[in-house]
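This report describes one protein model from its overall make-up down to single residues. Please keep the sequence and the 3D view open while reading.

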Amino acid sequence: MIDALPRRRFLLGSLAVAAGAVGGAAVLAACGGGGPSGDALQVSNWTGYIDPRGIRRFERRTGIDVVYSEDINDNNEWFAKNQSTLAQHRWIGRDSVVLDDWIANRIINRLHWAEPLDPAHLSHRANLLPELAHPAHDPQRRFSLPWQAGLTGIAYNRSITRRDLRTVDDFLAADVPKAVLSEMRDTIGLLMRASGADVTAPSAAAAEPAFAQLERAVHDGAIDAFTGNDYVSDLATGNLGAAFAWSGDVAQISRDNPDVRFVLPESGGLIWSDNYLIPAGAHHRAAATRWIDFFYEPEEAARLTASVQYISPVQGVADELTKLGGAAARLVDDPLVVPTPEFLASVATFGILTDADADAMDERFSKLAGAA
């Protein structure tokens, strides 16, 4: 594999209340007196991609102190911040991170900046969904396991748009503040699907109509911003009327604001997964492996799913959601969380890019993002 698809995340606005532990960029959880230093396991993730009660359960079960940081907003931003340290195989201050497939491929295969998971502490690995067990970037899953999977589509605030958006053309034509994602594969992927291109076998040539459409939209002022995970608050408050978005974000926003809705365009959406990795120089490889293994227990995976409302990579989650009852049980009937075969037929994974195409497309996309 040379390159692959992107990542997703979301904001869980009510998490701070539920956990009593979310503060700004990080959740600090400690049991046994270790605190946010010393021998604590350092975990880095996207905003709101956890049920903080799960952190406390992990600590009680294992006796391992955890410092959990919500400090990933964009894959390229993370890479730029950490590449010089990783190039020296020195510790970046984190024992584990969650990143998109394409950057996981770069770290695992091109740069060799990942540590293998510790097989002695992977007792629940067999619960991984077979469909996610052998990705091109890590065929034997020696270095990574999926944290969650999700969908890329269109989110809109109905109170701002005053109408439903069903297509990419609807999105571009809407006379409201709009944002697309700063992840090239998400934004170009949706535009490629709208143009009829096959995103499972992408190339710079196949993406040309999508880039041309995006260039026109930027030039005409139809796109107001390129955003990472930080688009969420503006969509919730109405500063944005519509955005290319990730499914879990919108599920969380719509709890408090039902005017915010998520739709897969009629031309189709994207499906992706995020990878849990141990970066080179990590201090606590065994503890980091125990962390991901803990969330591969179906009961814990279901609790995480009930909180974040993304697609779990763990077998048996639907049954466990049913056992939890209430709102958790109702998620079993939500195809954004437990997708049906018919629903999955409407989404596709952004496939492998050659190095040359990836570099050319990233450069072109960056210039457009800078012009918006």
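A residue is called buried at under 20% relative accessible area, exposed at over 50%, and partly exposed in between, using a 1.4 Å probe and protein chains only. Helices (H or I, at least four residues) and strands (E, at least two) are DSSP runs, numbered from the N terminus. Helix H12, residues 298-308, has 8 of its 11 residues buried, so it is largely enclosed by the rest of the structure. The buried residues of H12 are Glu300, Ala301, Ala302, Leu304, Thr305, Ala306, Ser307 and Val308.

The model is predicted: local features need pLDDT of at least 70 and side-chain atom pairs count only at pLDDT 80 or more, while totals for chains, interfaces and linings use all residues. Residues are numbered from 1 along each chain as its sequence is written, and side-chain values use heavy atoms, with hydrogens and water left out.

**Overall make-up**

The protein has 372 residues, of which 58% are buried. Its secondary structure consists of 16 helices and 13 strands. Contact here means heavy atoms within 4.5 Å. Among contacts with a separation of 6 or more, 79% are between residues 24 or more positions apart.

**Strands S3 and S4**

Strand S4 covers residues 66-72; 6 of its 7 residues are buried, so S4 is largely enclosed by the rest of the structure. S4 pairs with strand S3 (residues 41-46) in the parallel sense over 6 bridges, where pairing requires that DSSP finds at least two bridges between two strands. Leu41 has Val66 of S4 as its bridge partner. From S3 the chain passes through helix H2 (residues 52-62) to S4, a β-α-β crossover that is right-handed. Right-handed means that, with the strands pointing away from the viewer, the path from the first strand over the helix to the second runs clockwise.

**The largest pocket**

A pocket is found on a 1 Å grid over the protein atoms alone, as an open set of points where a 1.4 Å probe fits, with protein on both sides within 12 Å along at least five of seven lines; lining residues have an atom within 4 Å of a point. The largest pocket holds about 710 Å³ of space. Its lining has 31 residues, and those closest to the centre are Leu129, Glu131, Leu132, Ala149 and Ile271. Strand S12 (269-279) and helix H13 (317-324) each supply at least two lining residues, and S12 gives the largest share, 3 residues. By class, the lining has 20 nonpolar, 8 polar and 3 charged residues. Ala, Val, Leu, Ile, Met, Phe, Trp, Tyr, Cys and Pro count as nonpolar, Asp, Glu, Lys and Arg as charged, and the others, Gly among them, as polar.

| Residue | Relative accessibility | Class |
|---|---|---|
| Arg142 | 47% | partly exposed |
| Arg162 | 65% | exposed |
| Gln309 | 11% | buried |

Arg142 sits in the loop between strand S6 (114-115) and strand S7 (144-157). Leaving aside neighbours within four places in sequence, Arg142 contacts Pro116, Leu117 and Arg125.

Arg162 lies in the loop between helix H5 (158-161) and helix H6 (168-173). Although not a glycine, Arg162 has a positive phi of about 65°.

Definitions and conventions. Grid points are joined across faces, edges and corners, and a volume is the space filled by probe spheres set on the points.
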